[in-house]
Amino acid sequence: MSPTRRHVLTGAAGAAAGACLLAACGASGGDRPAEGGAPEPDEGATTGGDDGAGSGALTALADVPVGGAVLVTSSSGLKVLVAQPVEGEVVGYSSVCTHQGCTVAPAGSELACPCHGSVFDVATGEPLEGPATEPLVPFEVRVEGGDVLEA
Ligand code: FES
């Protein structure tokens, strides 16, 4: 007995839904939290070596606002927050939120998580507002010749 048109269509839709489940349909980022949360602000992350920074640099020091931070991508593909709390002094943090893993982004003089509203101190990475209770994980950086490099 051959399948009817309706069975074929239903079967195709079921297969598509199954493929969707297997591929985590709709997810565009690999570091999104497992549950809930808003989309990550991937825009604005720069990769080391562009924007005037030297080869191998995370960013040019001049591109990091004093009292603020930028989101860059390390040579190994990690999203890293590079902050300059005081002119000429840089600190780096993993951008992975210590609450549920969303990408924390620069927000003026603070670092903010778009998923549940945690806010972190740009100078220390300590949480200023929850729900996160743990500081951002440090990422060692150094300044050399006007560039910010991975230490
Ligand atoms: S993942 Fe929940 S506040 Fe960042």
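**Exercise 1. Follow strand 4 to its partners.**
Which strand is joined to strand 4 by five bridges and ends at residue 94?

*Solution.* 
Step 1. Strand 5 (residues 89–94) is joined to strand 4 by five bridges, and the two run antiparallel. Strands here are DSSP runs (E, at least two residues), and helices are H or I runs of at least four residues, numbered from the N terminus. Two strands pair if DSSP finds at least two bridges between them.
Step 2. Now the turn. Two residues lie between the strands of this hairpin, and G88 takes a positive phi near 90 degrees.
Step 3. Go to the other partner. Strand 3 (residues 69–73) and strand 4 (residues 79–86) run antiparallel, joined by five bridges. Here V72 stands opposite V80.
Step 4. The hairpin of strand 3 and strand 4 has five residues between the strands. In its turn, G77 has a positive phi of about 90 degrees.

A note before going on. This is a predicted model, in which local features need pLDDT of at least 70 and side-chain atom pairs count only at pLDDT 80 or more, while totals for chains, interfaces and linings use all residues. Residues are numbered from 1 along each chain as its sequence is written, and side-chain values use heavy atoms, with hydrogens and water left out.

**Exercise 2. Find the cores.**
How many residues are in the largest nonpolar core?

*Solution.* 
Step 1. The largest core has 15 residues. A nonpolar core is a set of buried Ala, Val, Leu, Ile, Met, Phe, Trp, Tyr and Cys residues joined through side-chain atoms within 4.5 Å. Buried means under 20% relative accessible area, exposed over 50%, partly exposed in between (1.4 Å probe, protein chains only).
Step 2. Those with the most contacts inside it are L81, V104, L111, F120 and L136. Strand 3 and strand 4 are the elements that give two or more residues to this core.
Step 3. A second, separate core has 11 residues, including V70, V82, F139 and V148.

**Exercise 3. Sort the cysteines.**
Which cysteines form a disulfide?

*Solution.* 
Step 1. C102 and C115 do, with sulfur atoms 1.8 Å apart (the cut-off for a disulfide is within 2.5 Å). The structure holds one disulfide.
Step 2. C102 is in the loop between strand 5 and strand 6, and C115 in the loop between strand 7 and strand 8.
Step 3. The link is left-handed, with -90 degrees about the S-S bond.
Step 4. Both C102 and C115 are buried. C97 is buried at 5% relative accessible area, and C113 is buried at 6%.
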